[in-house]
Amino acid sequence: MDFNDTPQEAEFRKKVRSFLEANAEKRSTLAAKPKGDSGSSISSAGAPETVKGEDAAKVALDNAKEWQRKKADAGFAAILWPKEFGGYGGTPIEQVIYAQEEHDYFVHSGYFEIGIGMLGPTMMAWGKDEDKKRFLPKMITGEEIWCQLFSEPSAGSDLAGIRMKAEKDGDEWVLNGQKVWTSGAHFADYGMIVARSDPTALKHKGLTYFYVDMKTPGIEAKPIKQISGSANFNEVFFNDVRIPDSQRIGAEGDGWKVSLTTLMNERLAVGDPPGLDFDQIFEASKEIEVEDGLAVKNSEVRQKMADWYIQSRGLQYTKYRSMTALSKGQTPGPELSISKLVTASKMQDVSSYALDLMDMSGMVHQDQNPILKNLFQNGYFFSAAMRIAGGTDEVLRNIIAERVLGLPQDERSDKKLPFNELPSGKN
Amino acid sequence: MNFDFSDDQKLLRDQARKFLQDKCDRKSVRSILEDNQKNYDADLWSQISELGWTGTAIPEEYGGLGLGMLELCVIAEELGRALAPTPFSSSIYIFAEFLKSYGTDEQKKKYLPHIASGEKIGTFALSETNGKPKPNNIKTQHASGKLNGSKNPVSDGESADYIIVAANSDSNSNYNSLSLFIIDRNDPGLNISNLDTIDPTRPACTVDLKNVACERLGDEGSGWEMIDNILNRAAVLFSFEQVGGAQVSLDEAKKYSLERFAFGKQIGAFQALKHKMADMYVKIELARSNAYYGAWALSTDSNELPIAAAGARVSASEAYNYASQENIQIHGGVGFTWEYDCHLFYRRSKLLSLNIGSIRQWKENLISNLEKRNIV
């Protein structure tokens, strides 16, 4: 039992380190810690950090693109992709090693993660050769950014309940409807979309998968302001959007199958668990006074902090176990679902408890707040979203129960009826 | 990254599991539970001793197998799964570890071969009263080579041949007054009376000491320091036992939920139960990972041991308590009958979480060690 790399892994890590040292700025350990309300911490989001004003957003995007270009030139932009599409042809453990090392630097890869991690592999599996040749290289270099148009107002946890209409008109398809929770739709160049092409078929059979140019007339993205105040997601409206049949990926009616490829490629949970954690409240407890002195000396506070410590480190060591499996060429299964389930609730508990410790000053939510600059106020809002985004607590528990423990699937009333006969509460 | 047990260690685990399925079934656990005269399963004890388990981590020169602490962790998990009614933890995790770390060569030669062979049993006597043992509530006194006082509860005291006793060796009662002494069970000044416990397969007793002859273990006045260290080592091993028991609690809850039908379907198909079992799984996985980290710290003599051990201990205690309690809940009415096995785990989990100090104490240990590390 040890934490050492194999010789090949060590070699790879050395290469990554020398690339990063030469090309990026290292975070100081202190600044690296509090990540607060950063959209990139949501597992499937990959949106930029909250930025104020359009100029700041543009600068951040330009910087990210410049970084992506360097990464692509060095071969590290898509470690799991085969070499023929510009990837590194690497292994999952190499991907993890790269992510670990990059985590220590001030760089942003969030804009490109959905494309490289999920949409690119979908195109590789199902797309036409000419599309692969045209789109994949620019996806890697960051010249073109992609977004994933899946969720809808009435298709969240129940993703196959998609209602976006796709109607065939000669050689074209006409899209009408609304998508929601789309990260990066406002700056993406292209998107991949699932729509209902046959409402009279069974729910999972009537879907078709396409890619769209986000500048096509009739597409409009509107940012959604979250309770945290930031806007990392969009609603995207489709009004008589006409796209050629050549933009279909997979056969008509195969949209669900193709979507599963996208979803299976959810990026491996790597790096440190995001956001607020034991370390932050432990530091804060040394500054906050409670009834009998410093919070860190209060027995109730210590008991609570110990709970968060074992959760936090338990997840970290679970990740080491997964990495060990990866390193031996095994595939970690859905047991990785526990990471977000535990992290999100822990963050909500930690931030809510920290506000309590601050007593009246916990009410204050502005930059002057002396305790770790609003960290806990931000976490209080962000954690509520985190328990829902990328799979709700309840969906994750179902995944663990069914796929890890092998318990029976929920009984469903939506598998036997044509989609347009399903109860929706709206008919 | 190689954060896992080796193939040889996994082989040992498979063999131990198979052996215990055969030799330590629920019937034999119950035979100890239901018989007031028996403190442990003597047949099982002699068989696991013959297999060398008791000597796993004792050096060859003192009669052991000279394997490492990781192998002992593997065995501990299996003993926990099987609810083995033996004094293994008292004799091996604690008594043998005290001797290995602090015994003189002469003491090691005198005691360890008998402990390794399982022919003698050792234990440790610290507590004297309700609540956490600390300087102001340890009254047992050492003077002129004799011990006087009373210890309660002492795990496996009735079965023990040797007991390490914590006693004040000067007239103060502070953190530098405590020393450790080894006594022999056959001393005429010793009076042992049995105590009922919440898990009668893990017995305890009161040990009264009247002018009992003893020999000192380790330096005079360094008792608390030695205790901290050995209980940290034991905590990692206990955490593996606890993870083992927690896993079986979940497995049995799951099995029952698939056999039992209500409202026209398997009760395991209801989300309320699925989510409960998912929560059990999450706590157990986190506990297992924390235990692995403890095992790493233990096997490499890392400075991280106090933190790793406390993390493993808290995580495993909470996971097992939760899993055994919700196992009863998932079984419904039959879950609280004597006939079903749920209570065996419910008893064992709580007893193990108290045996070397409560969750509360270990959480406090964890945070105070994190504070110390921060200052360094």
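Of the 376 residues that make up chain B, 55% count as buried, a residue being buried if 20 or more other C-beta atoms, placed from the backbone, lie within 10 Å of its own, exposed if 12 or fewer do, and partly exposed in between. The model is a predicted one, in which local features need pLDDT of at least 70 and side-chain atom pairs count only at pLDDT 80 or more, whereas totals for chains, interfaces and linings use all residues. Residues are numbered from 1 along each chain as its sequence is written, and chains are lettered from A in the order in which they are written.

Chain B contains eleven helices and ten strands, which are DSSP runs numbered from the N terminus (helices H or I, at least four residues; strands E, at least two). Its C-alpha trace spans about 75 × 50 × 40 Å along the principal axes. The radius of gyration of chain B, 21 Å, agrees with the value near 21 Å that a compact globule of 376 residues would have; the radius is taken over C-alpha atoms, and the globule rule is 2.2 Å times the number of residues to the power 0.38. Among the contacts in chain B with a separation of 6 or more, 73% join residues 24 or more positions apart, two residues being in contact if their C-beta atoms, placed from the backbone, lie within 7 Å.

The domain assignment, automatic or from a database, gives chain B domain 1 (7-88), domain 2 (123-221) and domain 3 (224-375). The centres of domain 1 and domain 2 of chain B, taken over C-alpha atoms, are 26 Å apart, and their contact takes eight residues from domain 1 and seven residues from domain 2. On the side of domain 1 of chain B that touches domain 2 there are seven nonpolar residues, one polar and no charged, where Ala, Val, Leu, Ile, Met, Phe, Trp, Tyr, Cys and Pro count as nonpolar, Asp, Glu, Lys and Arg as charged, and the others, Gly among them, as polar.

Chain A is divided into domain 1 (7-144), domain 2 (147-264) and domain 3 (278-404).

Between the chains, 37 residues of chain A are in contact with 35 residues of chain B. Helix α9 (299-327) of chain A gives the most to the side of chain A that touches chain B, with 17 residues, and that side has 20 nonpolar, eight polar and nine charged residues.
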